Amino acid sequence: MKKINVIILLLLSNIALANIDIEDTPIPGGIAVVDFQSNHSNPKAFYGIVPVYIQHIKDQYWQALIGIPLLAKVGEKYITIKDFSTQKITFTVHEHHYKEQHIALTGKKKKYVNPSLKHMNRIKRERTILSKTRKLFSEKSLFNGQFIRPVKGVITSPFGLKRFYNEQARRAHTGVDFAGNIGTLIHAPADGKVILIGHFFFNGNTIFIDHGQGLISVYIHMNKHLVKQGQLVKKGDKIGTIGQTGRATGAHLHWGIYLNQTTINPNLLFGVSDEI
């Protein structure tokens, strides 16, 4: 009898590990954690018309994890839960201010500030590919437990910085930059599937990994890829090396996270929120 109880406890522990322990951070670029109840075996949740990540906590208790856009206005928002019926659950987005960063691009790098017509045509073609990749939603989670850092380098540019290139305003920093020498190994922060590998005008050598339910990670400015498109990876696997390709002033890794098609602070996935 005791042996059976031990087995049950181990199974419950494994189930618990499948969930992400996320701090409720309902600010632009953060994650709103919304609790709800459902007796359905597979309820669905939507933010607008976009499906969101949900996890089963226990019995009829569930959680929805909603990525909040950086340009979201403060105030009351809601998600729609669909199970045996349809219900709306509200949450509030709070104000948050991010710092500024001014970057100077010189020489050949100036093309990334004011791209030529030829480069703009390329950028438009690539924008379609990248947008389609960010919108992917696979039904099941592909990983267990918390994320780990993809590299051990120091963070040189935190998430959310309001960026100015040659004093021209551009969109806010949508990821976290890790310092590192060219060739430094990059590791998968969680289990997933490689869904896109390519070289893009702004991003340089890039990899996208799907972790399930609209949770997607991206690795930018890489030197080399060490995986193939369609490959399943495990947490800690080597996926590539740090580089300086694309719009980069020095060797580093730009690591980004998308949740329900929205860029969020990657630090929130492994419990480091002091970079917000």
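Over which ring does the charged end of Lys82 sit, and how far is the charged end from the centre of that ring?

Reply: The model is predicted, so local features need pLDDT of at least 70 and side-chain atom pairs pLDDT 80 or more, while totals for chains, interfaces and linings use all residues. Residues are numbered from 1 along each chain as its sequence is written, and side-chain values use heavy atoms, without hydrogens and water.

The charged end of Lys82 sits over the ring of Phe46, 5.2 Å from the ring centre (NZ of Lys or CZ of Arg within 6 Å of the centre and within 35 degrees of the ring normal).

Phe36 belongs to strand 1 (residues 31-37) and Trp62 to strand 5 (residues 61-67), so that the pair links distant parts of the chain, 26 residues apart (strands are DSSP runs of E, at least two residues, numbered from the N terminus). Phe36 and Trp62 are both buried (under 20% relative accessible area, 1.4 Å probe, protein chains only).

Another pair, Tyr47 with Phe91, is tilted, with 5.9 Å from centre to centre and 50 degrees between the planes. Because Tyr47 lies in strand 2 (residues 44-47) and Phe91 in strand 7 (residues 86-93), this pair ties together parts 44 residues apart in sequence. Tyr47 and Phe91 are both buried.

Note on methods:
Helices (H or I, at least four residues) and strands (E, at least two) are DSSP runs, numbered from the N terminus. Buried means under 20% relative accessible area, exposed over 50%, partly exposed in between (1.4 Å probe, protein chains only). Rings of Phe, Tyr and Trp (its six-membered ring) pair if their centres lie within 6.5 Å; planes under 30 degrees apart count as stacked, over 60 as edge-to-face and the rest as tilted.
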